[in-house]
Amino acid sequence: MLTQTRSFLEVFAPLADEHGADAAPEIPAFDLSTRLRAVDVQRHPNVLRARHALNYAEWQAGAQGQADPRVQEAQAGLARAEAEAQQVVQDTLNTARQHYEQFRQIQGRFTDLERRLGQLRQFAADPLTYARANFEAQQVRGALRLHSHRLIEALGLLDALGSGDPGTPDVLPAELL
């Protein structure tokens, strides 16, 4: 069992960086003023499926055109899909906005705690005070990391729905300003 544990640690130890937990999380650079992208509801997968169903219904209807019940049903389905997609996009925008605000607030608090830790270290504070401040900084760092991951996920979803390259959330939508 000891051999298996050592083998496991040899293989997977380089993948885990225990020093990374102490570093403040980073948000990828995004430009708030010059590279704003519009989120397009028409690129939502459900809207694309509904549009395909409408095109197919129109093709099947042939000469009947808009009078065919299949076309009318497909148009209603497209309208529902667009409304649902708009709601998803709006919810995602609101979520990204909330995480961005929370990230900024927690980042400010973390900066203050780091400054306080530096002052405590500089003036050789008692160990209990330093330990409490360090524990609080670790808790805030964890919250900061959580909100940075959530913000990146929301930005990635918005980028996938927008006109940018998926997987590279490097901008915020205008609504987040």
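Predicted model: local features only at pLDDT ≥ 70, side-chain atom pairs only at ≥ 80, totals over all residues.
A polar contact of 3.5 Å joins the side chain of arginine 141 to the side chain of glutamate 114.

Helices H2 and H3 pack against each other in the model. Their axes come within 8 Å and cross at roughly 170°. Because this angle is over 145 degrees, H2 and H3 are roughly antiparallel to each other. On the H2 side, the contact is made by Asn46, Val47, Ala50, Arg51, Ala53, Leu54, Ala57, Glu58, Gln60 and Ala61. H3 contributes Arg70, Val71, Ala74, Gln75, Gly77, Leu78, Ala81, Glu82 and Ala85. Sorted by class, the residues in the contact of H2 with H3 are eleven nonpolar, four polar and four charged.

The largest nonpolar core comprises 16 residues, and Val41, Val47, Leu54, Val71 and Leu78 have the most contacts inside it. Two or more residues of this core come from each of helix H2 (45-61), helix H3 (69-122) and helix H4 (127-161). The greatest share is that of H3, which supplies eight residues. With residues up to four places away in sequence left out, leucine 54 touches Val71, Ala74, Gln75 and Leu78. In soluble globular proteins, nonpolar side chains tend to be buried together.

Methods. Residues numbered from 1 in each chain as written. Heavy atoms only, no water. Core = buried A, V, L, I, M, F, W, Y, C linked by side-chain atoms within 4.5 Å. Buried < 20%, exposed > 50% of the residue type's maximum accessible area, 1.4 Å probe, protein only. Helix = DSSP H or I, 4+ residues; strand = E, 2+ residues; numbered from the N terminus. Contact = heavy atoms within 4.5 Å. Polar contact = N/O pair within 3.5 Å; in protein donor to acceptor, adjacent residues only side chain to side chain. Axes fitted to C-alpha atoms, helices over the stretch in contact; angles between N-to-C directions. Parallel < 35°, antiparallel > 145°, perpendicular 65-115°, else oblique. Nonpolar A, V, L, I, M, F, W, Y, C, P; charged D, E, K, R; others polar.
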